[in-house]
Amino acid sequence: MDLHISEFQEMMRRLYFHRDSNRGIEGTYDWLVEEVGELGDALTKGDKKELEGEFADVFAWLASLANIAGIDLEIVAMNKYGNKCPKCMQSPCQCTF
Ligand SMILES: [Zn+2]
């Protein structure tokens with residue numbers, strides 16, 4: 001399946017915007033943080049199926065949060081990271097840490 005990030009975000013809007021907008025930005029942000037924590041747990045367990053589910057959840061909640069914050073994830077991600085590192089402007093990144 002070939003799907004743009006904006007299409008995924010729009011799908012999440014159709015599925016959940018009525019709930020997301022009632023919950024609000026702070027409550028939805030709290031859910032995202034909770035899901036990131038679950039992703040962290042799954043990374044240490046080594047269960048691939050669980051890990052896949054947690055990645056999906058984090059992405060879904062990020063899209064929900066973007067919907068109620070009025071952010072287009074595809075546009076902002078590509079504006080910042082489109083084919084180059086935003087700090088050194090190189091691809092691959094040549095930043096020294
Ligand atoms: Zn860089």
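Me: What makes the arrangement of the four donor atoms around the zinc ion tetrahedral?
Reply: Four donors count as tetrahedral if all angles lie between 85 and 135 degrees. The angles here are 101 to 119 degrees, so the arrangement is tetrahedral. This is a predicted model, in which local features need pLDDT of at least 70 and side-chain atom pairs count only at pLDDT 80 or more, while totals for chains, interfaces and linings use all residues. Residues are numbered from 1 along each chain as its sequence is written, and side-chain values use heavy atoms, with hydrogens and water left out.

Me: Which residues are the protein donors of the zinc ion?
Reply: They are C85, C88, C93 and C95, each through SG, at 2.2 to 2.4 Å. Donors are N, O and S atoms within 2.8 Å of the metal (3.2 Å for Na, K and Ca); water is not among the atoms, so sites may look incomplete. Along the chain their spacing is C-x2-C-x4-C-x1-C.

Me: Why does C93 count as partly exposed?
Reply: Buried means under 20% relative accessible area, exposed over 50%, and partly exposed in between (1.4 Å probe, protein chains only). C93 has 39% relative accessibility, so C93 counts as partly exposed.

Me: And why is Q9 called buried?
Reply: Its relative accessible area is 5%, therefore Q9 is buried. Q9 lies in helix α1, and its side chain makes a polar contact of 3.0 Å with that of N67. A polar contact is a pair of N or O atoms within 3.5 Å; within protein, one must be able to donate a hydrogen and the other to accept it, and residues adjacent in sequence count only if both atoms are side-chain atoms.

Note on methods. Four donors count as tetrahedral if all angles lie between 85 and 135 degrees; four count as square planar and six as octahedral if opposite donors are over 155 degrees apart and all others between 65 and 115; anything else is irregular. Helices (H or I, at least four residues) and strands (E, at least two) are DSSP runs, numbered from the N terminus.
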